[in-house]
Amino acid sequence: MGITLKGLTWDHPRGYAPLLGGIPEYEEQNPEIKIQWDRRTLREFGEAPLEQYLDRYDLLIVDHPFVGFAAAHDALVDLAPLISDAEKTHFAADSVGPSRQSYCYGNGLWALPLDAATQVASYRPDLLRALSPAVPATFDDVLELGEKARKAGKYIVVPACPTDAISLFFTLSANLGYPILEEGERFVDDSVAAEVLDRLHALIDLAHPRSVEWNPIQVYDFMVSDSDAIYCPLGFGYSNYSRVGNSVRLRFTNAPAAGELGCAGTTLGGTGVAISKLSQHPSEAVAYAKWLASPEHQRGTYFREGGQPASLAAWTDPAVNTMADGFFSGTLQTLQTAYLRPRFDGFVRFFEAAGIEINRCLRGEVKDAVLIRWLNDRYATQRVAARRIS
């Protein structure tokens, strides 16, 4: 009797299509294995507790901030002892940016990177050229374009719903040269926070009014379906919107510089494949996870079926890049220098709550000084709780 491996991914074509598309290939190579993938919403993917899925699934597609919980609560299989030295060297060399590093925590490796993303810029080439001869290179350029766009009855747009609002805060802090540190005594210095919020307010004041409601998918859907939005300065990249064959395509490029670091410091996103500690078939699940993360699969079926690889070999493959209309070459520098946010046990709860408060501030519902005090107090409380648990 064969073995069925059940997995849980996120409910977007980028999240499920490459996994479903690879099933026939893997099952043909491994006839004793059957693969089944279920989906959860994007919000559940980012915030729902891992433990509620452990007894139902062998494989979980996760975001790296969950690794602190995994290390503290024995929820996922530590892959470090199950990967040979040669495989470790291979996977490390093939990681795009800090993708592989993001799943290493507490002396363990809690997932293999499958999907890589960070906050990058995007635009409608057909609309931008009417207002600007060049794509904005700096934050000041972005604001200048925003002013021109408004005068022309157009908008810049930026995803700033709660999850993306906190990600923007992380990105600007790091890009200005003051990254939020996991072990820092405070979340952020008052002066840095004030500058970050000044820039975010200036951006939101010029952006499409629904920016504070939207995530990247909603922003990109709006950009390709409506001619009102011409440019997005910072949003987690989605190669799905730049692929050759789309009737309207976005062009993605490196993030604009707020400080002296160029495009460096944008918040790392992406996903990895993890194995539940309660899986009844851990060895088979690990073998499948390695196959999914292999550069051959990443640059082949995984990409062709709509995936956004975490493999450097895929990101630098000319054929892959051409099919995505330059998405990978256009944003690789930003991803290679991305910022890795904290990952301690309890950070996800802070991230969710802080996103709500920053979003409220951008809506004008919370004063900057009140928000800065809240961020530092809440972060300190969460860090103390994490130390107590560990």
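A cavity is a set of grid points where a 1.4 Å probe fits but cannot get out. In this predicted model, a search of the whole structure finds 3 cavities of 30 Å³ or more, and the largest cavity holds about 60 Å³ of space. The largest pocket, by comparison, has a volume of about 540 Å³.

**Largest cavity**

- Phe91, Asp94, Ser95, Pro113, Ala293, Gln298, Ala310 and Ser311 line the largest cavity.
- This lining is made up of 4 nonpolar, 3 polar and 1 charged residues.

**Largest pocket**

- The lining of the largest pocket numbers 29 residues, and those nearest the pocket centre are Leu42, Phe45, Asp63, Thr163 and Phe236.
- Four helices each give at least two residues to this lining: helix 2 (42-47), helix 7, helix 9 (216-225) and helix 15.
- Helix 2 provides the largest share, with 5 residues.
- Sorted by class, the lining of the largest pocket contains 14 nonpolar, 8 polar and 7 charged residues.

**Second largest pocket**

- Helix 15 makes the largest contribution to the lining of the second largest pocket, with 3 residues.
- The class count for this lining is 8 nonpolar, 1 polar and 5 charged residues.

**Helix 7 against helix 15**

- Helix 7 (residues 162-175) packs on helix 15 (residues 347-362) at an angle of about 90°, and the two axes are 7 Å apart.
- Angles of 65 to 115 degrees count as roughly perpendicular, and helix 7 and helix 15 are therefore roughly perpendicular to each other.
- Helix 7 makes the contact through Pro162, Thr163, Ala165, Ile166, Ser167, Phe169 and Phe170, while helix 15 uses Phe347, Phe351, Ala354, Gly355, Ile356, Ile358, Asn359 and Leu362.
- The contact residues comprise 11 nonpolar, 4 polar and no charged.
- Thr163 takes part in this contact and is also among the residues nearest the centre of the largest pocket.

**Helix 1 against helix 11**

- On helix 1 the contact involves Pro18, Leu19, Gly21, Gly22 and Glu25, and on helix 11 it involves His297, Thr301 and Tyr302.
- These residues divide into 3 nonpolar, 4 polar and 1 charged.

- An open sheet of 5 strands runs in the order 2-1-3-11-6, with mixed pairing.
- From one strand to the next, the twist averages 25°.
- Within this sheet, strand 1 (residues 3-10) pairs with strand 3 (residues 59-62) in the parallel sense over 2 bridges.
- Leucine 8 has leucine 60 of strand 3 as its bridge partner.

- Strand 8 pairs with strand 9 (residues 229-236) in the parallel sense, over 2 bridges.
- Isoleucine 156 has tyrosine 231 of strand 9 as its bridge partner.
- Phe236, at the end of the residue range of strand 9, is among the residues nearest the centre of the largest pocket.

Definitions and conventions:
Residues numbered from 1 in each chain as written. Predicted model: local features only at pLDDT ≥ 70, side-chain atom pairs only at ≥ 80, totals over all residues. Heavy atoms only, no water. Axes fitted to C-alpha atoms, helices over the stretch in contact; angles between N-to-C directions. Parallel < 35°, antiparallel > 145°, perpendicular 65-115°, else oblique. Contact = heavy atoms within 4.5 Å. Nonpolar A, V, L, I, M, F, W, Y, C, P; charged D, E, K, R; others polar. 1 Å grid on protein atoms, 1.4 Å probe; cavity = no way out; pocket = protein on both sides within 12 Å on 5 of 7 lines; lining within 4 Å. Points joined across faces, edges and corners; volume = space filled by probe spheres on them. Pairing = 2+ DSSP bridges.
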